[in-house]
Amino acid sequence: MRASLDRIAAIVIKEFRHLGRDPRALLAVVITPVIQLLLFAYAISFDVDHVPTIVVDLDRTTQSRDYLRLYEGSTFFTVVSEADTMDAVDQAFDLNQAHLAIVIEAGFGRQLASGGTGQVAVLVDGSEPTSARISQAYTVAANQLYNQQLTRQWAQAQGLDLSSLGGLEPRVRTWYNPERRSSDFLIPGLMVVIIAIVTVQQTAVTLVRERDLGTEEQLDVSPLRKVELMVAKLLPWTAIAFLDVAVIICLGQWLFDVPLRGDIGALAVGSALFVFAALGLGLLVSAIAPTTDTANILALLIAFLPSFLLSGLAFALDQIPVVLQWLSYAFPARYMVTISRVVFLKGGGFAEVWPELLALAGYATVMILVSSALHGRRARR
Amino acid sequence: MSGKRIRLLIWKEFLQLRRDPMLIRLLMLMPVLQLILFGYVVAVDIRNLSTAVVDLDHSATSQKLEAAFTGSGYFRIVSHPASENELRPLLDRGTVTVAIVIPEGTEDRLITGQTAPVGIVVDGSDSQISAVGSGYASQIIAGFNAELRDAAGVSLSPPGVDARIRVMFNPTMDPVNTMIPGLIAVIMMISLMAILSQAVVKERESGTLEQMFVTPIKAEEYLIGKVTPYAVLATAQMLVVAVVGMLWFRVPFSGNVWVVLTGLALFMLTNIGMGLFVSLVSRTRQQAQQAMAFLMIPTMILSGFIFPIESMPDLIQPFTKLIPMTWALIVLRNSFVKGSDFAALTVPLVVLAGFAVVIFTAAVVATRRRISD
C-alpha cells in the first residue's frame, strides 16, 4: 500500500512537472474558464431589445407621428432610419440594417379622426426566428396599449365610463429569480459546462497521448499498476477542475452577484462527484480511442455538444423530443446543472438534490470501473 | 512547385487518416449528430409547460379559465394543489414550472363588474420558461376578458389601429430554417479546426517534421499537401449536412448556389488557415487543443449562431464583427432564407475574403519561418 502510494505520488509529481514546464498550457487551463464565463455571461441572452426598426410614414399627420412615438419611445425598438419607399425597406432588410419595418398607409390620420380604423403594416424579418418572434410579440403588445389609449380618449370624449367593465387581471410573480436576470439563470449552469469541457477533453487526451508517444509501453514495464497510473494521471486534473469550480463560483458572486442561497456543502459534494463522473467519461474515451485525433473529436462530441445542448443550460429539457430527453440522462452535465440551480437559486440542499447526487455517484463509479476494465484489457493485448 | 511532391504528400496524409478508421467514421457521424441535436434542441418551440392550478373559487368561471389554459396548448396541467402553500415544494422540486392561482370570490367580483386578480407564478430559475410562460398566461387572460365582454353584449366601436403583421422571408418563423444553413458553417469550422490544429504539431511531437524539412519540399507544397485531404473531408461533411438537413428538416433554399459556394470556399480557407496557424505556433498537441477550444467557443457564442447578436450588450457587438463565422452566417442565412444574390452580399463576401487572405498569409509565413529555423 505504502509503495503503491509512493508510486502514485511519483507520477503525480511528474505530471505537475510536465504542466509546470508548459506554463502556457497551465495558464490556459485556468484562464480559459474565466474568459469563457465572462463571455458567456455577458453575451448570452434571450432578452431581445433595441430591435433595429425602419419606419415609413406615408401619412405624415399628427396622428401618424403620435403613433410612431410608440416605437421611438420604447427600449424594445430603435428607429434606425426613416424611408419614403418600400424599396428602401427591402434594401435595409437585405443588408441586415433593420429587422422590423412599420409602414403607415396614407389616410391613417383621417381614418382615426373620423372614428374609424387606421391601417398600419408591420413587416418582420423572419430570418432570425428568435428575435422575430419576440419583436412580433412586442408589436402586438404595443398596439394593444395604443388601442386602449385611443379607447379611453374616445370614451372620455363620449362621456362613457368604461371602468364598470370587469375583467381578470393577471398578477405575475417570478420565484427564485424575480428580476429574471439571465446571468442568475446561466452562471450556475455555465460552471458545469465549462468544467465538463476542460476535464473530459484533457483526461481523454492525456492518456491517449502516452500511447501515441510510446511512453505507455515504458510505463507498462515499470512496477506501476494500471490503476495506479490512472489515479496518478487523474489527480492533477481533479485538482485543476476543483480550482476552476472555485474560481467560477467566486467570479459569479463578485462580478455577477449570483446569489448562493442554498447549502454550499451539497454544491461541493455535487461538484466533486461531477468532476469524477466527467473524468470517468474522459477515461472511457481514452480507452476506446485509438489515436489522439480520435480522442479529441470523440471528447468534443460527448463533452461539448451534450453539455451545451442537453444539460438544460440554455434550452428547456422538458420541451425537446422524448428520445433526446432520454439521451440527456447519459451525460453527467444534466444532473449537475440541476444541482447547481437548485442550490444557487432555489436555496436547496441535500434534501432536494439527493437523487441527482446519487445518480452522479453511480455514474462516476460505473464509468471508472468500465474504463479501467477496458484499459486493462487493452494492456494485456 | 512540384505537383508530384504535393501528390505524394496528399497520399501520405490519406494513408495516415486511413490508419485510424474510427476517426473517419466519427467525422462522418459528427455532422449528422450535430444536425439532430441542434435541429431539435435549439429550434424547440416552448409548449406544454407543466402547470399547477390552485382553484380556490370552485366556480364555473374558474373552470372556464382552466379550460382556456389547457386549450391553448402552451400549458399542461399536472397538479391541482388544494392551497397556495402546497405550491412551494412543487416548484422547488421542479415538478411544475408555472402555477395559476384563482382566488376565492373571483366569479362574484366579475359578476359585480370588478377587477379580479389571478395569480401567475413562474419558475424564474429558467429564464426562457419564465418569460414565455408569463407572456402566454397574460395573453390567455386577455383573450378570456375579450370573450367576457362579448358575452356581456358590450359592443363598442371606438377608433383603433389595425396593425397587420407580416413576417417576411420565413413566414412560419421556423428556427430550423436558419439553424441548418448556419450549421453548415459551424460543422465546417469544428472539424477543420479540430483536426488541422493537430496536423503539424503532431509531426513535430513525433519528430517527423524535421525529417520533412531536410527533403527538398517547399513551404507552399507542404501546406497544400497537408491541407487538401482535410479540405476534401470538410467538403464531404458539409454536403452531408446540407443534403440531410434540407431533406429531413425540409429547409427551403431560395438563393443562388454560387453565392453559397463562394462564401463557403472563402470560409473554408479562413478555417484552414486558422487551424494551420494554431498548429504551427503550438509546441504541444495539448496547447494546440486549448488554443482551438479558446477560439471555437467564443465563435459559437458570439457569431449569432444561437443567440441573436442584437440582444448582446453594445460593448460586445463590435467584437462579433471580428469573427469570420459572423459573416459566413450572414452569407448562408441570407442566401437560404432571403434568396440574396451577389450584389446584396458583397460586403460580407469581401470581408470573408479579407479574413481568408490575412489568416492564410499568416499560416504561410509561420511555415516558412519553421522551415528556415
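Me: Which residues are buried in helix 2 of chain B?
Reply: Leu23(B), Leu26(B), Leu27(B), Met30(B), Pro31(B), Gln34(B), Leu35(B), Leu37(B), Phe38(B), Gly39(B), Val41(B) and Val42(B). Buried means under 20% relative accessible area, exposed over 50%, partly exposed in between (1.4 Å probe, protein chains only). Helices are DSSP runs (H or I, at least four residues), numbered from the N terminus. This is a predicted model: local features need pLDDT of at least 70, side-chain atom pairs 80 or more, while totals for chains, interfaces and linings use all residues. Residues count from 1 along each chain as written, chains are lettered from A and ligands numbered from 1 in written order, and side-chain values use heavy atoms, without hydrogens or water.

Me: What do those buried residues pack against?
Reply: In chain A, helix 11 (292–309) and helix 12 (322–328). In chain B, helix 1 (3–18), helix 7 (176–206), helix 9 (219–248) and helix 11 (285–302). Contact means heavy atoms within 4.5 Å.

Me: Where is the kink in helix 2 of chain B?
Reply: At Leu29(B), shortly before the proline Pro31(B). The kink is about 30 degrees, taken between axes fitted to the seven residues ending there and the seven starting there.

Me: And how far apart are the end C-alpha atoms of that helix, residues 21–42 of chain B?
Reply: 31 Å. The 22 residues should span 32 Å at 1.5 Å a residue, so the two agree. The expected span is 1.5 Å times one less than the number of residues.

Me: New topic. Is Ser335(B) buried or exposed?
Reply: Buried, because its relative accessible area is 0%. Ser335(B) sits in helix 13 (residues 324–338) of chain B.

Me: Which residues does Ser335(B) touch?
Reply: Leaving out residues up to four places away in sequence, Ser335(B) touches Phe253(B), Ser254(B), Gly255(B), Val259(B), Val260(B), Ile330(B), Ser340(B) and Leu345(B).

Conventions: Helices (H or I, at least four residues) and strands (E, at least two) are DSSP runs, numbered from the N terminus.
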